[in-house]
Amino acid sequence: RVMVILLCEKEAMPERHFPTSEAIFLSALSDETIRQLLFDRLGRSEAMHALIDQIVSRVQGNPYFASEIVDSLEEQNVIARDENNEDSAYRLVKQGRIQLPPTVASIAARRLNTLSAQERAVVRTASAVGVSFTKEIVGELIGRDVEQEFASLVKSGILMRMTKEMG
């Protein structure tokens with residue numbers, strides 16, 4: 001059995017579905033709900049209010065996009081976890097107006113562009129193999145051991161390790 005979850009905008013939905021597939025369309029979350037999710041994650045410090053407002057206006061009700069923006073800002077050291085302040089889970093490292101990524105795809109592209117040439121080769125080869133692959137298969141196709149690249153890509157969240165229970 002295989003479970004495939006496809007996340008896309010309604011307009012981008014493929015015309016052909018799997019024979020037993022079901023499309024579930026979700027509406028956008030309200031700005032207030034997105035704001036609450038961001039407060040819960042980033043904290044309620046005054047410094048975070050302007051950033052949260054900026055994110056809310058960018059994501060148009062998409063909680064996944066909001067989460068990816070926060071991850072992206074943390075990766076770029078625009079925000080950092082604040083261990084010393086009980087009111088805020090994060091603190092701003094960069095002051096002033098923050099340039100937010102325009103799309104989820106731009107976040108993915110930026111992450112891929114930060115990879116080493118060896119890591120990009122692993123990602124490119126793995127994507128050609130399919131959704132599920134092993135480091136041995138990818139290593140065989142590349143012609144070398146890819147253990148280090150796999151470990152780095154899993155740590156960065158580019159790849160996800162699947163267990164037998166996951167399918």
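This is a predicted model: local features need pLDDT of at least 70, side-chain atom pairs count only at pLDDT 80 or more; totals for chains, interfaces and linings use all residues.
Helix α1 (residues 31–42) packs against α3 at an angle of about 30 degrees, and their axes are 10 Å apart. α1 is therefore roughly parallel to α3. Residues are numbered from 1 along each chain as its sequence is written, and side-chain values use heavy atoms, with hydrogens and water left out.

Some conventions apply to the helix pairs. Helices (H or I, at least four residues) and strands (E, at least two) are DSSP runs numbered from the N terminus. Axes are lines fitted to C-alpha atoms, for helices over the stretch in contact, and angles run from 0 to 180 degrees between N-to-C directions. Angles under 35 degrees count as roughly parallel, over 145 as roughly antiparallel, 65 to 115 as roughly perpendicular, and the rest as oblique.

To return to the pair of α1 and α3, the crossing is right-handed; a crossing has that hand if the near helix is turned clockwise from the far one by less than a right angle, and is left-handed if anticlockwise. On the α1 side, the contact (heavy atoms within 4.5 Å) is made by I34, L37, L38, R41 and L42, and on the α3 side by P63, A66, S67, V70 and D71. By class, this contact has seven nonpolar, one polar and two charged residues. Here Ala, Val, Leu, Ile, Met, Phe, Trp, Tyr, Cys and Pro count as nonpolar, Asp, Glu, Lys and Arg as charged, and the others, Gly among them, as polar.

I turn next to α3 and α4. These two helices also pack at an angle of about 30 degrees, with axes 10 Å apart, and are therefore roughly parallel to each other. The crossing of α3 past α4 is left-handed. From α3, the residues Y64, F65, E68, I69, D71, S72 and E75 meet V104, I107, R110 and R111 of α4. The contact divides into five nonpolar, one polar and five charged residues.

How exposed or buried is E68? E68, in helix α3, counts as buried because its relative accessibility is 11%; buried means under 20% relative accessible area, exposed over 50%, and partly exposed in between (1.4 Å probe, protein chains only). Leaving aside neighbours within four places in sequence, E68 is in contact with I107 and R111. E68 and I107 are 39 residues apart in sequence, and their C-alpha atoms are 7.4 Å apart in space. R111, in helix α4, is likewise buried, at 15% relative accessibility. Not counting residues up to four places away in sequence, R111 touches E68, D71, S72, E75 and I158.

The next pair is α5 and α6. The axes of α5 (residues 117–129) and α6 (residues 135–142) come within 10 Å and cross at roughly 110 degrees. That angle makes α5 roughly perpendicular to α6. The crossing is right-handed. A121, V122, T125, A126 and V129 of α5 make the contact with I137, V138, L141 and I142 of α6. Those residues divide into eight nonpolar, one polar and no charged.

α5 itself has 13 residues and reaches 18 Å from its first C-alpha to its last, close to the 18 Å expected at 1.5 Å a residue; the expected span is 1.5 Å times one less than the number of residues. Which residues of α5 are buried? They are E119, V122, V123, T125 and A126, and these pack against α4 (104–113), α6 and α7 (147–155). After α5 comes G130, whose phi is positive, near 140 degrees.

Positive phi values also occur at residues other than glycine. Q60, which is not a glycine, has a positive phi of about 50 degrees and lies in the loop between α2 (46–59) and α3 (63–75). Q60 counts as exposed, at 65% relative accessibility. N77 has a positive phi near 60 degrees and is placed in the loop between α3 and β1 (79–81). N77 is exposed as well, with a relative accessible area of 55%.

M162 counts as partly exposed, at 44% relative accessibility. The C-alpha atoms of M162 and S132 are separated by 8.4 Å, although the two residues are 30 residues apart along the chain.
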